[in-house]
Amino acid sequence: MIHMRCWGMIVGLFAFVAFLAGVTQLPSEEEITERVLRPSVQVAYFEGIGGATAEWQVAGSGVVFKTTDKKTYILTAAHVVEQAKRVRYETDKEGKERRVEEFEDVMAIIERVRDGIVTGELRVRCRVLKSSKLEEQGGDDVAVLEPYEGDLFVSGARPLPKGKNVYAGQPVYHCGSLWGELVNSVTFGVISSVARMYRNKPFLQLSTTALPGSSGGGIFVVDEGKCYYAGMLTRGVGETVNLAVPLSRIRQVLTQWGLEEILDKAQ
């Protein structure tokens, strides 16, 4: 016979587990598909001679955002598009040489899957609208892509509302192209720290699995069964010790560029 005190502890434990389940209610398959998988893309740069069927090298990942005024943008890391940067020098009328940095177009790639079978892929050419300095240069490592045919992307990510904060221990998903080949690999973990300092800037530390190719991929916190974009994975020091640029920093960068509508009007 179970002692009454032990029974009380068991009942209390079940109540606590039920409470946690309610607080951290995991998202449905539809929620993950629509708000994590479909908005996640590979980002590739051009290498060689040719057009859309030429050689494209996957450099990282990105996340699609659809706005209420029917615009489409992709957020990724600046170091992901660095290979698409071209530098030239021009001389002005006074004979002074000026360095000009330009970006070639990049490609956003979505893998098409039906009934558990990869049926093909969608490739959409994008221009690099904006790109910040890299972390090594004192920047925030954020870039914005603008697809030439944004209507080809059917789903966009849902950014974490301004009134909500992430917290240590909060469930989180990451979706990225691991090794540049394992397309849209969804991994699960928790926010390990909300204030990890690196190069004098705050990062989120998380325990999701990430590998080269994950850079620029989104991290999505879970809140009441919904997945919210909460930042961008940019670097890792181990498979389950990774750092992400928090959404607050991304918002600041977009505001400086006059592109705050990407998040403020996201639907």
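Colleague: How much space lies in the second largest pocket?
Modeller: About 250 Å³. A pocket here is an open set of 1 Å grid points where a 1.4 Å probe fits, with protein on both sides within 12 Å along at least five of seven lines. Volume is the space filled by probe spheres set on the points, joined across faces, edges and corners.

Colleague: What are these numbers based on?
Modeller: A predicted model, where local features need pLDDT of at least 70, side-chain atom pairs count only at pLDDT 80 or more, and totals for chains, interfaces and linings use all residues. Residues are numbered from 1 along each chain as its sequence is written, and side-chain values use heavy atoms, without hydrogens or water.

Colleague: Which residues lie nearest the centre of that second pocket?
Modeller: L160, K164, N165, L247 and S248, out of 14 lining residues (an atom within 4 Å of a point).

Colleague: Which element gives the largest share of its lining?
Modeller: α3, with 3 residues. Both α3 (247-256) and β11 (201-206) supply at least two. Those are DSSP runs: helices are H or I, at least four residues; strands are E, at least two.

Colleague: OK, now the largest pocket. What's its volume?
Modeller: About 550 Å³. It also has 14 lining residues, with R38, I110, E111, R112 and V113 closest to its centre.

Colleague: Which element gives the most there?
Modeller: β6, with 5 residues. α2 (29-37), β6 (106-114) and β7 (117-131) each bring at least two.

Colleague: How many charged residues line each one?
Modeller: The largest pocket has 5, plus 6 nonpolar and 3 polar.

Terms used. Nonpolar A, V, L, I, M, F, W, Y, C, P; charged D, E, K, R; others polar.
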